[in-house]
Amino acid sequence: MATTASLSQLIPLLASQSLPVLHHDFLTAILATSSRSQPIVALAATVKHRLLSSDISGHTSPVLATTCPGLPSNLGDRHVQTSTLHHDVFVQVLDLHDIGRSTGDQIDLLEAERKGETKKGREIIRIVPDAEQEPATAATQSLDAPTTDQKKEKGPFRLVLQDSKGNRALAYEIKRVNNIGYPSTMSIGCKLWLRKGCKVARGVLLLEPTTVGIIGGRIETMDREWRTQREDRLRSSLQGLKTVAQEVENVSGRQQ
């Protein structure tokens, strides 16, 4: 069972690793199943691993302490032209999209990955699967080994972030931030700090290296679902763009 002494040792050690203040129940549940002889450093590593793989929104059970600040309640007010965050806010990634690469190009990359193709300069290299290996489909494509081209993240990226209160916000990378990118660079559920002073413009967080601290992590179920559904989302988005373009063309034709 957790003791006051073990908590008093653990909490400052976690803080020294740039982790937020965790809920008492979250900590004691981990300590209750840990060996009393386990070194405090190993225990801290266990807590960090659990934090980085947990949903901090508190839908199932609280993870962060209730005193941890969340995103401002008026963050989504688009009438506020510019503002900044007044506190450091710990958030997780729910979605990300490369706005520097066309939807069609991203679909092409996923198709190439499914076919086992990659590029070396202008040369297309196809990896022939073993005879016993089943062919990949959009739903069963590799979830852990992105192609070479996918690792060369283009960006900038648009992210959907969520705090420990369940509040969501849209964020745009306005300056290159290391470790923001498609899996495996960044996974869904990845944790990061929005630092005090992070800029907000008309309800959108503006991400840059000085105000973002990537901690890492992944929520496995959310990440897998996001990856398996990604191509369908891209194709749906592309079809929507084509429909709008066709409607505009039809209207222009009637006006002429």
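Two strands count as paired if DSSP finds at least two bridges between them. Strands here are DSSP runs of E with at least two residues, helices are runs of H or I with at least four, and both are numbered from the N terminus. What you're looking at is a predicted model, where local features need pLDDT of at least 70, side-chain atom pairs count only at pLDDT 80 or more, and totals for chains, interfaces and linings use all residues. Residues are numbered from 1 along each chain as its sequence is written, and side-chain values use heavy atoms, with hydrogens and water left out.

Let's start with strand β2, residues 89-98. Seven bridges tie β2 to strand β5 (residues 157-163), and the two run antiparallel.

Buried means under 20% relative accessible area, exposed means over 50%, and partly exposed is in between (1.4 Å probe, protein chains only).

Now for the cores. In soluble globular proteins, nonpolar side chains tend to be buried together. A nonpolar core is a set of buried Ala, Val, Leu, Ile, Met, Phe, Trp, Tyr and Cys residues joined through side-chain atoms within 4.5 Å. The largest one has 26 residues, and V93, L96, L159, L161, L194 and L205 touch the most other members. Strands β2, β5, β6, β7 and β9 (204-207) each supply at least two residues of this core, and β2 gives the most, with four. A second, separate core of 21 residues includes L7, L22, L43 and F90.

Zoom in on L205 for a moment. Leaving out residues up to four places away in sequence, its contacts include L71, L161, Y172 and L194, where contact means heavy atoms within 4.5 Å.

In the loop between β6 (168-173) and β7 you'll find S184, which is joined to P183 by a cis peptide bond with omega of about 15 degrees. N179 is in the loop between β6 and β7 as well; its phi is near 75 degrees, a positive value in a residue other than glycine. N179 is partly exposed, with a relative accessible area of 46%.

Finally, hop over to the loop between α1 (4-15) and α2 (24-32), where S18 is found. S18 isn't a glycine, yet it has a positive phi of about 65 degrees. With a relative accessible area of 35%, S18 is partly exposed.
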